[in-house]
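Welcome to my notebook. Have a look at the sequence and the structure with me, and then follow the entries below.

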Amino acid sequence: MKVAIASDHGGFEYKAKITEYLTSAGIEFKDFGPESTASVDYPDYAGPVAEAVASGEFDRGILICGTGIGMSIAANKVPGIRCALVHDVFTAQVTREHNNSNVLAMGQRVIGEGLMLLIVKTWLNAEFEGGRHQQRIDKIAQLESCNG
């Protein structure tokens, strides 16, 4: 699995913790930035991660900002992206199993560090169940193609 990861200034500290985890777990990743806590605009980081996942260069993406809201809105503008804003373990599991989410968004100002790491581990290890859920994913793709 290859993971693309980015944050804005509001999620920079959690991004560092996640990259430490990915390294220790032997998961290949690319950090799309930023390089510091200096104020930046989240679409400048969400867009490249979403595009890298949509193109197939990366299997999954992880985005962190203060609340996760801005990152998830920006990422979901890229066709083929199913970015889920997650702040609990159950949602992390189900968004992979039922929605085949390919990008995870979280808010550093919303959840604690331990919960954040548990969400990441759960989301990365969960698998899409397919079956009846696939037809729903197909309908999402149809909606994207109608909005061009």
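Predicted model: local features only at pLDDT ≥ 70, side-chain atom pairs only at ≥ 80, totals over all residues.

**Entry 1: α4 against α5**

I began with two helices and noted that the crossing of α4 and α5 is right-handed.

Next I looked up the geometry. The axes of α4 and α5 come within 8 Å, and they cross at roughly 20°. An angle under 35 degrees counts as roughly parallel, so I wrote down α4 and α5 as roughly parallel to each other.

Thr95 sits in helix α4, which covers residues 89-97. Is Thr95 buried or exposed? I noted it as buried, because its relative accessible area is 6%. Setting aside neighbours within four places in sequence, I listed its contacts as Ala84, Val86, Asn100, Ser101 and Trp123.

Asn100 made me stop. Asn100 is not a glycine, and yet its phi is positive, at about 50°. I located Asn100 in the loop between α4 and β5, the latter being residues 103-107. With a relative accessible area of 19%, Asn100 is buried; the cut-off for that label is under 20%.

**Entry 2: α1 against α5**

What does α5 do with α1? I found that helix α1 (residues 12-24) and helix α5 (residues 113-125) pack at an angle of about 45°, with axes 11 Å apart. The crossing of α1 and α5 is right-handed.

From α1, the residues I listed are Tyr14, Lys17, Ile18, Tyr21 and Leu22, and they meet Glu113, Met116, Leu117, Val120, Lys121 and Leu124 in α5. By type, the residues of this contact divide into 8 nonpolar, no polar and 3 charged.

I picked out Lys17, which lies in helix α1. With a relative accessible area of 30%, Lys17 is partly exposed. Which residues does Lys17 touch, not counting those up to four places away in sequence? I wrote down Glu113, Met116 and Leu117. Lys17 and Leu117 are 100 residues apart along the chain, and their C-alpha atoms are separated by 8.0 Å.

**Entry 3: an aromatic pair and a cis bond**

How many aromatic pairs does a search of the whole structure find? My search turned up 1. The pair is formed by Phe32 and Phe58, and it is edge-to-face, with 5.7 Å centre to centre and 75° between the planes. Phe32 lies in the loop between β2 (28-31) and α2 (43-54), and Phe58 in the loop between α2 and β3 (60-65), so the pair ties together parts that are 26 residues apart in sequence. I also looked up the accessibility of Phe58: at 6%, Phe58 counts as buried.

In the loop between β2 and α2 I also came across Pro34. The peptide bond from Gly33 to Pro34 is cis, with omega near 0°.

Ser72 belongs to helix α3, residues 69-75. I marked Ser72 as buried, because its relative accessible area is 8%. Beyond neighbours within four places in sequence, Ser72 is in contact with Cys83, Leu85 and Ala105. I also checked Ser72 against Met106: they are 34 residues apart in sequence and 8.4 Å apart in space, C-alpha to C-alpha.

My last stop was Gly107, in strand β5. The relative accessible area of Gly107 is 0%, so I noted Gly107 as buried. Leaving out neighbours within four places in sequence, I found Gly107 in contact with Cys65, Gly66, Thr67, Gly68 and His87. From Gly107 to Gly130 I counted 23 residues along the chain, and the C-alpha atoms of these two are separated by 28 Å.

Conventions: Residues numbered from 1 in each chain as written. Heavy atoms only, no water. Axes fitted to C-alpha atoms, helices over the stretch in contact; angles between N-to-C directions. Helix = DSSP H or I, 4+ residues; strand = E, 2+ residues; numbered from the N terminus. Left-handed = near helix turned anticlockwise from the far one by under 90°. Contact = heavy atoms within 4.5 Å. Nonpolar A, V, L, I, M, F, W, Y, C, P; charged D, E, K, R; others polar. Phe/Tyr/Trp six-rings, centres within 6.5 Å; stacked < 30°, edge-to-face > 60°. Buried < 20%, exposed > 50% of the residue type's maximum accessible area, 1.4 Å probe, protein only. Parallel < 35°, antiparallel > 145°, perpendicular 65-115°, else oblique.
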